[in-house]
Amino acid sequence: YADVQKSSLKLKGIGELSSGKKKKSKESKKHLEQILTTQTKEDEAKRVYLDKRTPAQVAFDKTQEKRQMERILNKASKTHKQRVEDFNRHLDTLTEHYDIPKVSWTK
């Protein structure tokens, strides 16, 4: 146990805990400039983005969104109690064909 270090854990990259200051070199400045130029190029590329969908595809997507919103509003309009009542009414209208038949071995 004599070789065990008893100091606190030192982590790289955390400014508050690191004691030494890093010196910025010319390479890091160049690297930062390259990052900034690539970010501006990416931003310009996003602005230039063209919608490659056909008008039919755009219309299809719009109608899908519209139908989805209608479904959501329809489901949100009823409470759970109302849904259960509607389901019970539906089960009452079904014929006896869907009932489980009695099976008896004696008859």
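1. Arginine 89 has a relative accessible area of 48% and is therefore classed as partly exposed, since the exposed class begins over 50%. Arginine 53, at 39% relative accessibility, also counts as partly exposed.

2. The coordinates come from a predicted model. Mean pLDDT over the chain is 77, and 73% of the residues score at least 70. Where pLDDT is low, the predicted coordinates should not be read in detail.

3. Three salt bridges are found in a search of the whole structure. One of them joins the side chains of arginine 53 and aspartate 61, with an N to O distance of 2.3 Å. Aspartate 61 is partly exposed, at 28% relative accessibility.

4. Which residues are linked in a network of salt bridges? The network consists of Lys78, Asp86 and Arg89. Within it, the side chains of lysine 78 and aspartate 86 meet at 2.6 Å, N to O, while the closest N and O atoms of aspartate 86 and arginine 89 are 2.7 Å apart.

5. Aspartate 86 and arginine 89 both belong to helix α3 (residues 80–93), where they are three residues apart, about one turn of the helix.

Methods. Residues are numbered from 1 along each chain as its sequence is written. This is a predicted model: local features need pLDDT of at least 70, side-chain atom pairs count only at pLDDT 80 or more; totals for chains, interfaces and linings use all residues. Side-chain values use heavy atoms; hydrogens and water are left out. pLDDT is the predictor's confidence in each residue, from 0 to 100. A salt bridge is a side-chain nitrogen of Lys or Arg within 4 Å of a carboxyl oxygen of Asp or Glu. Buried means under 20% relative accessible area, exposed over 50%, partly exposed in between (1.4 Å probe, protein chains only). Helices (H or I, at least four residues) and strands (E, at least two) are DSSP runs, numbered from the N terminus.
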